[in-house]
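Please look over the sequence and the structure shown below before reading on. The paragraphs that follow go from a pocket to a helix pair.

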Amino acid sequence: MLRFIIIFSLFIHSCVGAPRTPAAAVAVPGKKWLTLSGQEPAVVARGGFSGLFPESSAPANDMAVSTSSPGLTMLCNLQMTKDGVGLCLSDIRLDNATTISTLFPKAQKTYKVNGQDLKGWFVIDYDAETIFSNVSLIQNIFSRPSIFDGQMPVSAVEDVLGTKPPKFWLSVQYDAFYMEHKLSAAEYLRSLQFRGISVISSPEIGFLKSIGMDAGRAKTKLIFEFKNPEAIEPTTNKKYSELQQNLAAIKAFASGVLVPKDYIWPVDTAKYLKPATTFVADAHKAGLEVYASGFANDMRTSFNYSFDPSAEYLQFVDNGQFSVDGIITDFPPTASQAITCFSHQKGNLPKVGNALVTTHNGASGDYPGCTDLAYEKAVNDGADVIDCSVQMSKDGIAFCHDSADLTASTTAMTTFMSRATSVPEVQPTNGIFSFDLTWAEIQSVKPQIGNPFTSTGFLRNPANKNVGKFTTLAEFLEFSKAKAVPGVLINIENAAYLASKKGLGVIDAVKSALTNSTLDKQSTQKVLIQSDDSSVLASFEAVPPYTRVLSIDKEIGGAPKPSVDEIKKHAEAVNLKRTSLFTVSQSFVTGKTNVVEEMHKGNISVYVSVLRNEYISVAFDYFSDPTVELATFIAGSGVDGVITEFPATATRYLRSPCSDLNKDQPYAILPAEAGALLAVADKEAQPPASAPNPPLDAKDVIDPPLPPVAKLEASNEAEGSKPHPPPSGTVAIAANLGLSLLAMLALGVLCVA
């Protein structure tokens, strides 16, 4: 235990996100809040930092205080042992949050709770000594870290109060049930004399009324909690939806209400926001504060938030119409940064620092990548650089698309399945390749939003699944000039194969498009030419305004001087994978490389890719929060830019004063410390150490010279020289569709046979 306390205290001093001293708060201009009091909404940590550690464990509580903004409120769900001791646990059943079932495997019971039969290991069947001496906590949500399970004791209410959190909230969920078993939450509170308890909440009106006078003398705020609208409130036997109709009556015994967030911003069955209800306005009119619950970074919420948890908090506190008075969350640092750092930051605020926000296929987290709509949103989101990965059609049209293979990011499979082929020089799997289709044929299919997490069941913005139109390279450059985007990145792939096997000169097409757009003769817009082929970059050496970027797709653990010197011959910057900067094992950051420092010594800029918002792609050390990951790469590693599918998240971070670590302020978004979170767990529970990534070898930088563009056979030349067919491509499409349907029909007959 002593080892655990020492390691954890070291972790607390090195962790992400830390409040500054209260004195610094005077430097921040006052904000006008639409809360009932006009004050900043409260951040309430449900069971401490329960998104990482088991709920209400000592580390969860300490971590919540150390990483959140000043004034944090700590929430403890009160449960009572059979000898009347108060514990901080999420539920009256112990089995989902402790090791009780392994210790007493035959002690499961069934009780009727609020009219429903519940089965499990109930806290009222055990005395405090049994629990404190034998039982330890586990994480009660399976997608969260399990390496801390079985290591931390259950906390008594007095234990949490003894840490003197800024504010303490006691949630009393089951008073009627306890009363049936001759236990009284009210008497327990009186034994504590309400000392140190700032807020008490309950979904039971009778309980709140029974402690009203005592709470008033102690200046403890009482909050009535609404449950599911169809659930029954035990005192009145009315549905909570009925009680909602008379909020003025609640004001007689409570100063505020706590509701699930759907009471305020309902979500439809397709996971999109419906219009806000009038609940907050109605409650404020009745003189009641409103607290919203159910917030967590690792829960699938509305697609409107683009998988960005800060965006959800802002929807509740900074929507211009109303603000809740407090947020109950499992991830208090994210709520803190949303309220303190991102709220009331409308407008084109100046960026902090020089890191570039570059898109990956435009805002491809919200729209099909490389479409007009993805680029439009990227510009509106404030991206510094928009990108075009150049692909070639069979008839020589250069256009923007993530890959030469159209199967995953278009509906080509439904029309051109018979055209699928194997091209080992491009990829190991079969595909329907752009260089085998004419531009008219490509335009005949629809874009399809990319989804890097199909195996997990994650979807991306299904309402926009097939919207937008494909963009030629010329149209992309014209758009970037019209929108005065600070920079463009042109990514060139498969140049050698296209030249030698398909007779397509992608480099010539790019040079021609840039010349026609006059981007090769100006310095207003930054032009970056990216490739994983050093010979491609060498082709642009004679154009000084361009910045050449070498894309290094392999994971590296170091950049020795010979390798950096070799890069310098071909490029001014590199695009590296995230795992080349921070090593990750089982969603924990295990180490940090010196690659950025080594590249910078050679005067090579470093861009990191690809950043995404989905919490399953964000390490636990980043609090399942894409903003903390950004802070780690930008403020922690000093990268020169990030390449992201969600540019809005990156630009919001860089335009927040909290991203400036040299500025004295009440809260800062600090980078994660590699390995710090993992060190808190017992050695036996930690994932096995993985072999370090190899350093970059200079030989890996050098590519063979590009072959000349091959002369196609006369028949192919004639075909390529034919005028482009009309955009509809109706005849060809119908023929291919017919072939595809016949192929599928034949396959079906064979399967039946």
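**A pocket and a helix pair**

In this predicted model, the second largest pocket has a volume of about 840 Å³, where a pocket is an open set of points on a 1 Å grid over the protein atoms alone at which a 1.4 Å probe fits, with protein on both sides within 12 Å along at least five of seven lines. Of the 32 residues lining it (an atom within 4 Å of a point), Ala311, Leu314, Asp381, Ala648 and Arg652 are the closest to its centre. Two or more lining residues come from each of H13, helix H15 (372-380) and helix H25 (647-654), helices being DSSP runs of H or I with at least four residues, numbered from the N terminus. H25 gives the largest share, four residues. By class, the lining has ten nonpolar, 14 polar and eight charged residues.

Helix H13 (residues 309-317) also packs with helix H14 (residues 332-342), at an angle of about 60 degrees and with the axes 9 Å apart. That angle makes H13 oblique to H14, since angles under 35 degrees count as roughly parallel, over 145 as roughly antiparallel, 65 to 115 as roughly perpendicular and the rest as oblique. In the contact (heavy atoms within 4.5 Å), Pro309, Ser310, Tyr313, Leu314 and Val317 of H13 meet Thr334, Ala335, Gln337, Ala338, Ile339 and Phe342 of H14. These contact residues divide into eight nonpolar, three polar and no charged.

Residues are numbered from 1 along each chain as its sequence is written. Local features need pLDDT of at least 70 and side-chain atom pairs count only at pLDDT 80 or more, while totals for chains, interfaces and linings use all residues, and side-chain values use heavy atoms, with hydrogens and water left out.

Methods: Axes fitted to C-alpha atoms, helices over the stretch in contact; angles between N-to-C directions. Nonpolar A, V, L, I, M, F, W, Y, C, P; charged D, E, K, R; others polar. Points joined across faces, edges and corners; volume = space filled by probe spheres on them.
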